[in-house]
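Visitor: I would like to learn how to read a fold feature by feature. Where do we begin?

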Amino acid sequence: MKIKILVIGKFKEVPFKDKINQYLKWINSDYPIELVILKQRKEKELIKVILKHLSSKDIFISLSEEGIQYNSVKFSKFIYASNRNLVFFIAGPNGHPKIIKEKSDQILSLSNFTFPHEMATLILTEQIFRAVSIQKGSKYHRI
């Protein structure tokens with residue numbers, strides 16, 4: 001299993017960058033994970049760039065407040081149930097292009113709130129690390 005996170009927009013806040021990189025490092029010791037920062041573009045160009053990162057074998061998950069919400073244990077089970085590569089997509093300030101939402105295998109919600117892309121990426125990377133920890137039986141996730 002490989003994990004890829006596609007995010008639109010640069011990370012300007014150093015504390016977010018540092019913590020996200022720490023989680024990526026921890027996850028990468030168990031599973032390959034890649035963070036791809038995409039610059040904001042016109043919608044047609046952006047769609048082409050996003051689709052280049054996808055394979056028909058991947059599970060494509062768009063993050064949106066209107067998606068399915070999991071608790072951490074169920075999210076861990078979701079990640080490991082498919083045994084396929086996962087591609088997460090965090091949109092920029094203009095939201096998701098309609099075709100990208102339609103191509104998503106799942107829409108995932110981190111909360112009913114809307115977060116800046118840096119914060120959403122931090123929450124997602126922490127939850128992926130927590131999911132790996134739950135699967136491994138580590139003490140990171142306390143029940």
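Visitor: In which sense do strand β1 and strand β4 pair, and over how many bridges?

Guide: A reminder before the case: this is a predicted model. Strands of a sheet pair through backbone hydrogen bonds, either parallel or antiparallel. Here β1 (residues 3-8) and β4 (residues 86-90) run in the parallel sense, joined over 5 bridges.

Visitor: What is the order of the strands in the open sheet?

Guide: Read β2-β1-β4-β3-β5, 5 strands with parallel pairing. The edges are β2 (33-38) and β5 (106-108), each pairing on one side only. From one strand to the next, the twist averages 30 degrees.

Visitor: Which strands does α5 lie across?

Guide: Helix α5 lies across β1, β2, β3 (59-68) and β4. Its direction is at about 170 degrees to β1.

Visitor: Is α5 mostly covered or mostly open?

Guide: Mostly covered: 15 of its 20 residues are buried.

Visitor: Why should the 20 residues of helix α5 span 28 Å?

Guide: Count 1.5 Å a residue, taken over one less than the number of residues. For α5 (residues 117-136) that gives 28 Å, and the end C-alpha atoms are 28 Å apart, so the two agree. After the helix comes Gly-137, with a positive phi near 80 degrees.

Visitor: Now the charges. How many salt bridges does a search of the whole structure find?

Guide: Side chains of opposite charge can pair when their charged atoms come close. The search finds 4 salt bridges. One of them joins Lys-101 and Glu-66, at 2.2 Å from N to O. This pair links distant parts of the chain: Lys-101 sits in helix α4 (residues 98-103), Glu-66 in strand β3, and 35 residues separate them.

Visitor: How exposed are Lys-101 and Glu-66?

Guide: Lys-101 has 25% relative accessibility, so it counts as partly exposed. Glu-66 is at 54%, so it counts as exposed.

Visitor: Which residue forms a salt bridge with Lys-98?

Guide: Glu-102, with the closest N and O atoms 4.0 Å apart. Both lie in α4, 4 residues apart, about one turn of the helix. Lys-98 is exposed, at 63% relative accessible area. Glu-102 is exposed too, at 54%.

Visitor: And are Arg-130 and Glu-126 buried or exposed?

Guide: Both are buried. Their side chains meet in a salt bridge, 2.8 Å from N to O. Arg-130 and Glu-126 belong to α5, 4 residues apart, about one turn of the helix.

Definitions and conventions:
Residues are numbered from 1 along each chain as its sequence is written. This is a predicted model: local features need pLDDT of at least 70, side-chain atom pairs count only at pLDDT 80 or more; totals for chains, interfaces and linings use all residues. Side-chain values use heavy atoms; hydrogens and water are left out. Helices (H or I, at least four residues) and strands (E, at least two) are DSSP runs, numbered from the N terminus. Buried means under 20% relative accessible area, exposed over 50%, partly exposed in between (1.4 Å probe, protein chains only). Two strands pair if DSSP finds at least two bridges between them. Axes are lines fitted to C-alpha atoms, for helices over the stretch in contact, and angles run from 0 to 180 degrees between N-to-C directions. Contact means heavy atoms within 4.5 Å.
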